[in-house]
Amino acid sequence: MTDLLLDPAIRTWVFVPIIATTFLIGIIRHYVYLLLLNKKKVDLQSVKDSHYLTKTRLLRENGRFLPPTSFGMRKSYLSDEEHGYLPQRIEKGPAQQSAFDPSMMTEMLKGNMLNMIPMIVIGGWINFTFSGFVTTKVPFPLTYRFKPMLQRGVDLASLDAAWVSSASWYFLNVFGLRSIYNLVLGGENVADTMMDEQVQGMNNPAGPQDPKQAFKAEWEALQLYFHSFHV
Amino acid sequence: MVDIQDWTEISYEEARSTLRKWREEHARRSEETVEIWEHVLSRYASSLKDELWPVLEQVAISSLDSARYELAIECLMHLNKRFPKSTRVTKLQAMRLEALRDFKNAELLYEKLIKTDESNTFYRKRKIAMLIAQGERHEAIRQLNDYLETFINDPEAWLELSELYLQEADYARAAFCFEELLLANPQNSLYLRRIAEIRYTLGGTENVELARAYYEHAVKCNNSDARALYGVILCCNYLLPKATAQRKKELGATGFKAADRLIAVYEEQPNENPSLKFQIKTIQTLKNIIKNATA
């Protein structure tokens, strides 16, 4: 299969502009997110919970440095059936849910909208503007199955599947530029976290249940721990 | 020992990087910071650009620490002009009131700040610090306990609480605080040694046994810790009269090893020590006491 020679004009007017557009849209998305961001109202109870969970874990890990009386004192404070902190939290867990749902929902919705809409709009525009020709060749061989997906608008049955259209180049850019965003915008930025949030969007509805599970897990682990003073 | 250095003649670059280093390390070198600012950096305020603001904050806190109140007011004025409604600047203002011993108004400001951000530990801790500065130990202990119910993992707070308990001679509770610290940092020889010292002070065979175990672990973590080595010798000394025969042998061996290690530590010291002979003689005497008790 001889290599195709592409018109240099494609490089100048398609290849590079798509990179530039994707990059700039990402930066704009980051700043828009900052503008729309609500300051997170911190809940004292959840802060307290996370500290207690850490304390229980530390007690389990380093309990051998404490004499038996001290260890027993702390263990009963945390895990005692009637007065201990963990069982109380296990029971009270579900009550906290309802207050969270509205604010959490809007946050997720905002995040998703901000990420999805530009991607769809720009993707559609690119498909419309730059259609009918191949833009680039991916360096690894692809099977025949990828052709309809990656070669929109180019209906050549004999064309090697490695040649892709501009739409697929756009999507490649969206994923690939994440590390550049890290360099430019420094660390935590929205353009980077988009993909993780989409994946975790499924897990979020299960979130409110998690503290209760965490407490239960820690409580069980503490019950199972056998203490011996061994400095 | 910190080398005394003349900070008035250093270059702009050096001054800037030194201050940045101290900012990152949270080093408390307040007088030197004020000196660097006054002699070097204040002339280059425009070259600092955006770094000017954290530097001003650092200088403000250092000047409060060195009782240079006019300089503090100056810095605060600049910061206030640039960041009019900032909680960070309000915090500095509250700290200034605290430094001037205007505790009532400072407390009002801190209360306001706590209301805006419930989970911020800094404001709460400064409120408690004010109580300690006024000498209200009991109230401070009560409030510190309340604070620790929520923020149970704060090592600074536990350290401060144990200090307060020690001042009240409540050794049992002070030991409790150090145990909390130990849970978070089990290999820290300082905590191990102090817990051992508190246990030794409490007295009684059980406590001194625990003290001995902690002292030995402290020695394991830090081989040349002279205080811990002395601690081991004293604990063995205490425990020997009432110990069983086999235990006596163990304790004697431990005591000897500690004493030998201690002599080695003293002899390794590079500095000229005028009383070296006497110190070694003392350790030899301790060793003999152990030998006689073991025999």
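How many helices and how many strands does chain B have? Chain B comes with 16 helices and 0 strands. Keep in mind as you read on that this is a predicted model.

**Chain B as a whole**

Start with the overall dimensions. The C-alpha trace of chain B spans about 80 × 45 × 25 Å along its principal axes. Its radius of gyration is 25 Å, while a compact globule of 295 residues would sit near 19 Å. Of those 295 residues in chain B, 43% are buried. As for how the chain packs against itself, take the contacts between residues at least 6 apart in sequence: 51% of them join residues at least 24 apart.

On charges, chain B carries 42 positive and 45 negative side chains, and the centres of these two sets are 3 Å apart.

**How the two chains line up**

Chain A has 10 helices and 2 strands. Reading from the N terminus, its elements go α-α-α-α-α-β-α-β-α-α-α-α. Here are some like-for-like values for the two chains.

| Quantity | Chain A | Chain B |
|---|---|---|
| Buried residues | 34% of 231 residues | 43% of 295 residues |
| Accessible surface | about 14,300 Å² | about 16,300 Å² |
| Carbon and sulfur share of that surface | 65% | 50% |

For contacts in chain A with a separation of 6 or more, residues 24 or more positions apart account for 73%.

**What the UniProt record marks**

In chain A, an unreviewed UniProt entry places the feature "transmembrane region" at residues 12–36 and 113–134. Residues 12–36 of chain A are 100% helix and 0% strand in the model, with the end C-alpha atoms 36 Å apart. Residues 113–134 of chain A come out at 77% helix and 0% strand, and there the end C-alpha atoms are 30 Å apart.

In chain B, the feature "domain: EMC2 TPR-like" is put at residues 89–198 by UniProt, again from an unreviewed entry. That stretch of chain B is 81% helix and 0% strand, and its end C-alpha atoms lie 41 Å apart.

**A closer look at B:Ala175**

Is B:Ala175 buried or exposed? B:Ala175 counts as buried because its relative accessibility is 2%, and the cut-off for buried is under 20%. B:Ala175 belongs to helix H11 of chain B, which covers residues 171–184. Leaving aside residues up to four places away in sequence, B:Ala175 touches B:Ile195, B:Ile198 and B:Arg199. As for B:Lys91, it is 84 residues from B:Ala175 in sequence, and the C-alpha to C-alpha distance is 33 Å.

Most residues other than glycine have a negative phi. Now for a couple of spots in chain B where phi is positive.

B:His26 is one of them: its phi is near 55°, a positive value in a residue other than glycine. B:His26 is in the loop between helix H1 (12–25) and helix H2 (30–39) of chain B. With a relative accessible area of 70%, B:His26 is exposed.

B:Ala67 is not a glycine either, yet it has a positive phi of about 65°. Where does B:Ala67 sit in chain B? B:Ala67 is in the loop between helix H4 (52–65) and helix H5 (69–82). B:Ala67 counts as partly exposed, with a relative accessibility of 43%.

Conventions. Residues numbered from 1 in each chain as written. Chains lettered and ligands numbered in written order. Heavy atoms only, no water. Helix = DSSP H or I, 4+ residues; strand = E, 2+ residues; numbered from the N terminus. Buried < 20%, exposed > 50% of the residue type's maximum accessible area, 1.4 Å probe, protein only. Contact = heavy atoms within 4.5 Å. Rg over C-alpha atoms; globule rule 2.2 N^0.38 Å. Areas by Shrake-Rupley, 256 points an atom, 1.4 Å probe, with all protein chains shown as cover. Lys, Arg positive; Asp, Glu negative; His and termini not counted. Charge placed at Lys NZ, Arg CZ, Asp CG, Glu CD. UniProt positions renumbered as here; feature names shortened; annotations may be inferred.
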